[in-house]
Amino acid sequence: MAVPVANPELLKAQYRSLSRQLPTMYFILLSSTWALAATHVEIAPFWLAVLVPIALTVLCAVCSLYWWNTRDVEPTSEMVLRVTERTNYLAVGISLAFTTWALLLFPYGDAYTQSHIALYMAITVITCIFSLMHLRSAAWNVALIVNSAFVIFFMTTGQPTFIAAAINIAFVSVGMLAILSINQNNFESMVNAQTEARREQEEQSRLMRMIDDMPVAVMTVDPEAFKITYANETSKRLIRKIEHLLPISSEDLLGMSIDVFHKNPAHQRRILSSPENLPHSARINLGPEVLDLKVSAVTADDGSYIGPMLTWALVTNEVKAENRIRQLAHYDTLTGLPNRVTFREKLAEALKTTGQVALLYIDLDGFKLVNDTRGHSVGDELLAKVAVRLHSACKETAITVGRLGGDEFAVLMPCETAGSATTFARRIIKSLSVPYVLGKDTSIRIGVSVGIALAPEHGREADVLFTRADLALYEAKSAGKGQANVFCAELETRIQDRAQLEGDLREALEAEDSLFVFYQPIVNAETGEMTAQEALIRWFHLQRGWISPADFIPVAEQSGLIDKLCDFVLKQACHDTARRNDDVRVAVNISGVQLGRGTLAPAVLSALVGSGLSPDRLEIEVTETAILDAETAGMDDLRRLHDMGVRIALDDFGTGYSSLSHVRLLPLDKIKIDGSFVKEAVDRPESAAVVKAVADLGTRLGVTTVAEGVETQAQLDRVREEGCVEIQGYFFGQPAPREQDVEIIEALKTRHTQTREAAERKTS
Ligand code: C2E
Ligand code: MG
Ligand code: MG
């Protein structure tokens, strides 16, 4: 009774065949039934000859009507299953009903009518088997039921004709079932083949739809004629975008020659003609557009070359973005010059190939001031103009020009001698130092310093050359601005010494056991009475002995130790002065780098509060050069101190620009004329005139003038004569330690001598 549940396509095919064949089967069945009923209507009871056929007709009509009504319906798998199973059961029912009915008529008739019954059963069973042949289970059921009944019934009649017919029918049935089986197998194979063919077709069209809708443009090409054989929708859409650049249209791509896409069609043909050249990828520039093309070989199952498949995309925007990223990563956005990374790469490359090169490390002097005072946009404009000038100054000579960052630039040039590199550097300095006109009518002048390192003399590696050119630049800057300086080995030793000194100073500041504050008196020029004393830092180094502040103050300034050092002096100076029982003031030096950071006033306040010293007994000395470099914020720091009641002294006056404007602009209480003028004043009338002018100015402005570095009576007489109010110098006293430090210093000196002797013994 089973139906092929696992094969829904077969079920459907069976259903379709049943829907066409079953109405015919019912027709044959009924017409035979009524023919038999007609021969028995006279002889058999009415219910059997007429009523039963009517009932059977109604049953068959209902079934036929169902098939008639659903003939155009596309059946679902569930429906097919349901109906075929029902048909199976129905076949059993109908077979039993019709067979029983026919056999019930048998006793009423004569030999003719009995033969009619045999004929009826034989015809109907054959009709049913044929009609149900595509539902094998139903056909078998019918055959088994009807034929078994037929054979058994007619064999039992004992009538030789009927027995022969029964045997005959049995054989015919077996033969028919065999044919049916073969037929059914063929039917199944056919249905399966059709299903498979349909599935393949669907798969293929699904694939084609996928390729068509793929976001990648695909084209296939005939490898002999080089004509387009297929182009997916994306290809057509992209071609539509660039149609104006091509002699073809997106609508008639098929059959077009592929040559239009390439500047060199012969080359393209060569690549496409053989699978050996594939896969191949290329970027094709088509006017302003860029195509990214990948070609792969399509081969048949046997490996033979069918042709090339081109997958391609419009990558114009991606290429632009890539270029932009490359530009940003390798070039400075402001000036367009190679950045540090790129410059370093070029330097490394030049060192490998050229060998003899000079690296010029360029730094702008005073750029920070421009940036801070005029704003960053002016600063940027200035940098851009510097880059243009530098570029044009180096056009013929340089290998490359770069911006290393901030106000640092670099030039790489082929060069053999230090002399020629220096000459070229001076030319750059000259060109960049010419005033710049920025904005409407702002004219700005900046200085330029250059450090030079040569390869292979000073190094064969980029990093070494960079460091050495940087050292040379540092030296050029300390030697005074606007200089070009070539690296030398001694410079490196100096730098190492400096690093050593920095470490030692840091330790000394931690331990506070080798730093001392010495005091030097400042006296009234007329009375010789001490009015103040200057606090001067001293450092006794266990190995080196006394180190001059001129040597370690710059180290402290550069290493950031200056604040700590200043705190140390301030605290001790205030403390010592507060403990004096006179009204002598104390002068403490501050460094220019401390100006403009807003840290000075809190430091001074803390020292004053900590010691209890009155602010008017503290003088802060700041050098003229420090004030020249200081910006507005630096001036504010000094004003804040002055507002606290602290006195401000301008130190070393005359060593800078001797700008009298400072004297007016600053809240000054004292001007200290540098010792060099004082010394010269004795012999040189011009120096004496300067001393006099400053002293007069001081008198007029109510500012005390101090003559520094007075060593002799003659110098004292001269500065007195010129009108200086106070005197400082060895003539009145050298800087000296506090009483309590004398012993400590002596002990240190002894240790120092011992250490030195031990070291000498070791070396000898
Ligand atoms: P300065 O502030 O101008 O100090 C005066 C310098 O002249 C001191 O040198 C002092 O010893 C020296 N001097 C004084 N009278 C005479 C003289 O008659 N003849 C000669 N030849 N020299 C004389 P010093 O102590 O070596 O200090 C040098 C500079 O170091 C100072 O110049 C000052 O600018 C700086 N300095 C010293 N101590 C400190 C400090 O604690 N902090 C800061 N920031 N700078 C300091
Ligand atoms: Mg001083
Ligand atoms: Mg001085």
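Donors to a metal are here N, O and S atoms within 2.8 Å of the metal, and because water is not among the atoms, a site may look incomplete. In this predicted model, the magnesium ion (ligand 2) is coordinated by Glu-534 (OE), Asn-589 (OD1), Glu-621 (OE) and Asp-651 (OD), at 2.0 to 2.2 Å. Asp-651 also bridges to the magnesium ion (ligand 3), which lies 4.0 Å from the magnesium ion (ligand 2). The domain assignment divides the protein into domain 1 (8-197), domain 2 (214-319), domain 3 (330-487) and domain 4 (515-741), and the centres of domain 2 and domain 4, taken over C-alpha atoms, are separated by 84 Å.

**The magnesium ions**

- Along the sequence, the donor residues of the magnesium ion (ligand 2) follow the spacing E-x54-N-x31-E-x29-D, and within this set Glu-534 in strand E14 (residues 530-541) and Asn-589 in strand E16 (residues 585-589) link distant parts of the chain, being 55 residues apart.
- Glu-534 has a relative accessible area of 4% and is therefore buried, whereas Asn-589, with a relative accessible area of 28%, is partly exposed.

- On one pairing, strand E19 (residues 670-673) runs parallel to E20 over 4 bridges, with Lys-670 standing opposite Thr-704.
- E20 is also joined by 2 bridges to strand E21 (residues 726-728), and these two strands run parallel; in E21, Glu-726 is the bridge partner of Val-706.
- From E20 the chain crosses through H24 to E21, and this β-α-β crossover is right-handed.
- Phe-677, in helix H22 (residues 675-681), is buried because its relative accessible area is 15%, under the 20% limit for that class.
- Phe-677 and Val-719 are 42 residues apart in sequence, yet their C-alpha atoms are 9.9 Å apart in space.

**Aromatic rings and charges over rings**

- A pair of aromatic rings is described by the distance of the centres and the angle of the planes.
- A search of the whole structure finds 16 aromatic pairs, among them the edge-to-face pair of Trp-101 and Tyr-120, with 5.9 Å centre to centre and 75 degrees between the planes.
- Trp-101 in helix H3 (residues 77-105) and Tyr-120 in helix H4 (residues 111-131) are 19 residues apart, and the pair links distant parts of the chain; both residues are buried.
- Phe-106, Phe-150, Phe-153, Phe-154 and Phe-162 are linked into a cluster by ring pairs.
- The charged end of Arg-86 sits over the ring of Tyr-66, 4.9 Å from its centre, and that of Arg-340 sits over the ring of Phe-466, 5.8 Å from its centre.

**Backbone features**

- The peptide bond from Leu-278 to Pro-279 is cis, with omega near 0 degrees, and Pro-279 is placed in the loop between helix H8 (265-273) and strand E3 (280-286).
- A cis peptide bond also leads from Ala-455 to Pro-456, with omega near 5 degrees, and Pro-456 lies in the loop between strand E11 (447-455) and helix H14 (462-478).
- Phe-226, although not a glycine, has a positive phi of about 55 degrees; this residue is in the loop between strand E1 (217-221) and strand E2 (228-231) and, at 7% relative accessibility, counts as buried.
- Glu-512 likewise has a positive phi of about 55 degrees without being a glycine, and its place is in the loop between helix H15 (489-511) and strand E13 (515-524), where a relative accessibility of 48% makes Glu-512 count as partly exposed.

Conventions. Residues are numbered from 1 along each chain as its sequence is written. Chains are lettered from A and ligands numbered from 1 in the order in which they are written. This is a predicted model: local features need pLDDT of at least 70, side-chain atom pairs count only at pLDDT 80 or more; totals for chains, interfaces and linings use all residues. Side-chain values use heavy atoms; hydrogens and water are left out. Domain bounds come from an automatic or database domain assignment. Donors are N, O and S atoms within 2.8 Å of the metal (3.2 Å for Na, K and Ca); water is not among the atoms, so sites may look incomplete. Buried means under 20% relative accessible area, exposed over 50%, partly exposed in between (1.4 Å probe, protein chains only). Rings of Phe, Tyr and Trp (its six-membered ring) pair if their centres lie within 6.5 Å; planes under 30 degrees apart count as stacked, over 60 as edge-to-face and the rest as tilted. A charge sits over a ring if NZ of Lys or CZ of Arg is within 6 Å of the ring centre and within 35 degrees of the ring normal. Two strands pair if DSSP finds at least two bridges between them. A crossover is right-handed if, with the strands pointing away from the viewer, the path from the first strand over the helix to the second runs clockwise.
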